[in-house]
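Open the model in your viewer and get ready to select. We will go stop by stop.

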Amino acid sequence: PPREQLYFSKQPRQVEWKPKTLDDYKQQNPSKYYQLGKLGPDLDDDELIMKKVKAEQVKYFSKQLREVNRQRAAAAPKKEGKEKPSVVAKAKQEAA
């Protein structure tokens with residue numbers, strides 16, 4: 001009776017599989033190993049393009065800023081005044 005039959009059984013099932021031999025493997029697969037090509041980067045990716053543009057803008061801005069700072073430093077008057085004595089110099093002065 002099929003109703004009383006179990007859904008699973010520990011008895012082995014009949015299968016139509018037979019192990020392959022080394023000759024079968026060699027016949028199915030190529031005898032030499034060869035390396036396939038690689039994909040490489042997607043240079044037209046929007047994210048990558050935006051990243052490059054942003055880096056270029058930062059580089060340009062830093063170049064301009066460096067030039068402005070160089071001009072300001074050249075135009076600024078040099079400070080030639082009395083230097084404040086350091087803590088060590090003060091201590092030596094008081095000790096003497």
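Stop 1: In which helix do R70 and E67 lie, and how many residues apart are they? Select both. They sit in helix α2, which covers residues 46–75. Three residues separate them, about one turn of the helix. This is a predicted model.

Now show the side chains. R70 forms a salt bridge with E67. The closest N and O atoms are 3.1 Å apart. Side chains of opposite charge can pair when their charged atoms come close. How many salt bridges does a search of the whole structure find? The answer is one. Stay on E67 for a moment. E67 is partly exposed, with a relative accessible area of 35%.

**Stop 2: the whole chain.** Zoom out. Colour by secondary structure. The protein chain has three helices and zero strands. Read along the sequence, the pattern is α-α-α.

Look at the overall dimensions next. The C-alpha atoms fill a box of roughly 110 × 45 × 40 Å along the principal axes. What radius of gyration does the protein chain have? It has 41 Å, while a compact globule of 96 residues would have one near 12 Å.

The accessible surface of the protein chain comes to about 11600 Å². Carbon and sulfur atoms account for 55% of that surface. What share of the 96 residues counts as buried? The share is 0%.

**Stop 3: the confidence colours.** Colour by pLDDT. The mean for the protein chain is 87. A value of 70 or more is reached by 94% of its residues. Among the elements, which has the lowest mean pLDDT and which the highest? Helix α1, residues 22–28, has the lowest, at 87. Helix α2 has the highest, at 96. Keep one rule in mind as you look around. Where pLDDT is low, the predicted coordinates should not be read in detail.

**Stop 4: helix α2 from end to end.** Select the 30 residues of α2.

Is α2 mostly covered or in the open? The number of its residues that are buried is zero, so α2 lies largely in the open.

Stop 5: Start with L48, which lies in helix α2. L48 counts as partly exposed, because its relative accessibility is 28% and buried would mean under 20%. Which residues does L48 contact, leaving aside its neighbours within four places in sequence? They are D42 and L43. L48 and N29 are 19 residues apart along the chain, and their C-alpha atoms are separated by 40 Å.

Move on to A55, also in helix α2. A55 is partly exposed, with a relative accessible area of 47%. A55 and A89 are 34 residues apart in sequence. In space, C-alpha to C-alpha, A55 and A89 are 48 Å apart.

Finish with Q64, another residue that lies in helix α2. Q64 counts as partly exposed, at 39% relative accessibility. Q64 and A76 are twelve residues apart along the chain. Their C-alpha atoms are separated by 18 Å.

Definitions and conventions:
Residues numbered from 1 in each chain as written. Predicted model: local features only at pLDDT ≥ 70, side-chain atom pairs only at ≥ 80, totals over all residues. Heavy atoms only, no water. Salt bridge = Lys/Arg side-chain N within 4 Å of Asp/Glu carboxyl O. Helix = DSSP H or I, 4+ residues; strand = E, 2+ residues; numbered from the N terminus. Buried < 20%, exposed > 50% of the residue type's maximum accessible area, 1.4 Å probe, protein only. pLDDT = per-residue confidence, 0-100. Expected span 1.5 Å × (residues − 1). Rg over C-alpha atoms; globule rule 2.2 N^0.38 Å. Areas by Shrake-Rupley, 256 points an atom, 1.4 Å probe, with all protein chains shown as cover. Contact = heavy atoms within 4.5 Å.
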